[in-house]
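Welcome! Please take a look at the sequence and the model below, and then read on for a short tour.

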Amino acid sequence: MRILLKNAAILVADNQLELREILIEEDLIASISLPDTNNSNDVDQVIDCLGHFVSPGLVDVHVHLREPGFEYKETIETGSAAAARGGFTTVCAMPNTNPCPQNTEILDSIQKRIEESAHVRVLPYATITQGLRSEQLVDFKALKEHGAFAFTNDGVGVQTAKVMYEAMFEAAKLDMAIVAHTEEDSLLYDGVMHAGYRAKELGLPGMLALTESTQIARDILLAEATGVHYHVCHVSSKESVRVIRDAKRAGINVTAEVSPHHLLLSEDDIPSDSAQWKMNPPLRSRQDRDALLEGLLDGTIDCIATDHAPHSDQEKEGGMVGAPFGIVGSETAFQLLYTELVLNGICTLQQLVDWLSSIPAKLFKLPYGSLQVGSVADIAVFNLNDSYEIDPDQFMSKANNTPFKGKTVYGKTLLTMVNGCVVYRA
């Protein structure tokens, strides 16, 4: 199968967009050439991109697809369809499912579900411990052999330093990453939002930033001792940024991600006691948000990941107390970040694309996230010129729990291809 993408605006030197033709043969990019170079008669299909921006397929190392066990929230089919609509071609699925992928039998069954229903490439995590409890380690070697992407207990922090140390030691032997949701349970105090002025105004219990930063500090020293690749999920506080920056300066193998909502929102934006604004980690202070952006721009934080966390309407219809943490993000991430960061001159389009594609791929040694001759034909096409409103009723996800409803954005996804096959078309 030979497909020709005509009038594709791609990034060239100095963040300029220029028109090119992209020839795809089977699942690879065969050539990128000047317009009107290829003979349309020699291809099986021509797709006219009409001068819209063509990007490498985006890579998201942090999504929750909820299957198995919580299919009423999301499934592999609907979650991967949402990813495709957002321009993502590779997503990495967190293991807080029921059952969770703590052994090869469960991981194999999840892999089978992925093969049967995924619209994009889905790479499953395995857990660090049995049952996501801070007690017994999983069989790291066997799970790697059965296709585990990396190891994480996302959704909860590993509470015991001994367990985390031994997990890092095992992962390092296999050249695998430990990916950490950092949360010290003893400092939670049943909090439901950031322990700042807004929590006091709303009369809600607050979550200390220390719950995150203290575990990061502990884990960084353990990572130094074991030599493991230690990756921090959804960094949210200025103290966490400082600790990670110091670790990188010391040469410790630590990487980090930040979620779009933590870059764009703070506690100042929370209008009321609404579960649509409840996430973990929570939206923190404006100073924290500014530190996250600074950390992203200076390389302390390596990449952006959505932490797409779908829940049912019933679970999110009330206040924060008693509601689950999390918001969806797959279908809005690029659009929000392009609108708020690129159009406002805070970063370049090239930087944004790198944070969402090539950098996360390189961190985890994945052969994706690039738009080059010979690379896998994972491609996304975005309309950067026309605005539209975010409408959760149009989501491909089962869930619509987002605080960005009605937000005007640019960058609508027009087309997504995985391995040279169209998986989404607007």
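## Contacts along the chain

Of the contacts (heavy atoms within 4.5 Å) between residues at least 6 apart in the sequence of the protein chain, 74% join residues at least 24 apart.

This is a predicted model, in which local features need pLDDT of at least 70, side-chain atom pairs count only at pLDDT 80 or more, and totals for chains, interfaces and linings use all residues. Residues are numbered from 1 along each chain as its sequence is written, and side-chain values use heavy atoms, with hydrogens and water left out.

## Overall build

The protein chain has 12 helices and 18 strands (DSSP runs numbered from the N terminus: helices are H or I with at least four residues, strands E with at least two). Its radius of gyration, taken over C-alpha atoms, is 21 Å, close to the 22 Å from the globule rule for 426 residues, so the chain is as compact as a globular protein of that length. That rule is 2.2 Å times the number of residues to the power 0.38.

Of the 426 residues, 60% count as buried, meaning under 20% relative accessible area, while exposed means over 50% and partly exposed lies in between (1.4 Å probe, protein chains only).

## Backbone details to look for

Where are the cis peptide bonds? One runs from N98 to P99, with omega near 0°, and P99 sits in the loop between strand 7 (88–93) and helix 2 (104–117). Another joins N280 and P281, with omega about 5°; P281 belongs to the loop between helix 8 (260–264) and helix 9 (286–298).

D36 is not a glycine, yet has a positive phi of about 60°. At 66% relative accessibility, D36 counts as exposed.
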